[in-house]
Amino acid sequence: AKAFDPEAELAVIIGTPGRHIPVERALEHVAGFSCVNEGSLREFQGHNRQFGLGKNFEGSGSFGPWLITRDEYNYKGGEVIGLINGIERQRGKFDDLLFSVEQIIAYLSTGVGLRAGDVICTGTPGQLPPSPEFADRVDNNPKIKVKGVVNLRPGDVATVTIPGIGTLENPVIADIPAKHVTSLYGSVERAAR
């Protein structure tokens, strides 16, 4: 990937299924919360914005390291912090989300039945201005422009911290080369040229 970017976010895990959930009852459907790094591949995100390979590329995102139940954590007043190699790149308060967790759940449930185990990613705060360590990594992808975003490289460590929930840390590794094909059964074969 040419433009692989971290996105520090709050993960909301559904515990009680539901459809057409009213805003005022939405939190009743939440099992708990976790950290998420919704890694985005901007060149693929340009194909269809928020869905598809740009947000769902093999091994590009993660969440954890555990679930904190909704009775143990009140997301209101909380914040998320994103770092690359220990350098802060993102910081945002959940009170500043465009839509509250309750509004997101209510909206999504109008179109799909939410099931136990579904994970909802709430969105990411803006990027901080690039520090000198990342001066050569500012994204210049013409299709998806995110001000101040710094592209990840193999060897980097992307970290998401949500005080009261925990810290998710992911080392960045290179994707499998396109010249190889991995079967669903685990063998690696040379791709036809």
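Which strands each supply at least two residues of the lining of the largest cavity? In this predicted model, the strands that do so are E6, E7 (87-93) and E9 (157-162).

A search of the whole structure returns one cavity of 30 Å³ or more. The largest cavity holds about 50 Å³ of space. Its lining includes Gly 82, Leu 83 and Ile 84, together with Arg 89 and Gln 90, and Ala 158, Thr 159 and Val 160. Pro 6, Glu 7, Ala 8 and Asn 37 also line the largest cavity. Classed by residue type, this lining comprises six nonpolar, four polar and two charged residues.

Two aromatic pairs are present in the structure. Phe 33 has a relative accessible area of 1% and is buried. Tyr 73 also counts as buried, at 8% relative accessibility.

Phe 33 and Tyr 75 form a pair with ring centres 6.1 Å apart; their planes are at 40°, so the pair is tilted. Because Phe 33 lies in strand E3 and Tyr 75 in the loop between E5 and E6, this pair ties together parts that are 42 residues apart in sequence. Both Phe 33 and Tyr 75 are buried. Phe 33, Tyr 73 and Tyr 75 together make up one aromatic cluster.

Notes. Residues are numbered from 1 along each chain as its sequence is written. This is a predicted model: local features need pLDDT of at least 70, side-chain atom pairs count only at pLDDT 80 or more; totals for chains, interfaces and linings use all residues. Side-chain values use heavy atoms; hydrogens and water are left out. Rings of Phe, Tyr and Trp (its six-membered ring) pair if their centres lie within 6.5 Å; planes under 30 degrees apart count as stacked, over 60 as edge-to-face and the rest as tilted. Buried means under 20% relative accessible area, exposed over 50%, partly exposed in between (1.4 Å probe, protein chains only). Helices (H or I, at least four residues) and strands (E, at least two) are DSSP runs, numbered from the N terminus. On a 1 Å grid over the protein atoms alone, a cavity is a set of points where a 1.4 Å probe fits but cannot get out, and a pocket is an open set with protein on both sides within 12 Å along at least five of seven lines; lining residues have an atom within 4 Å of a point. Grid points are joined across faces, edges and corners, and a volume is the space filled by probe spheres set on the points. Ala, Val, Leu, Ile, Met, Phe, Trp, Tyr, Cys and Pro count as nonpolar, Asp, Glu, Lys and Arg as charged, and the others, Gly among them, as polar.
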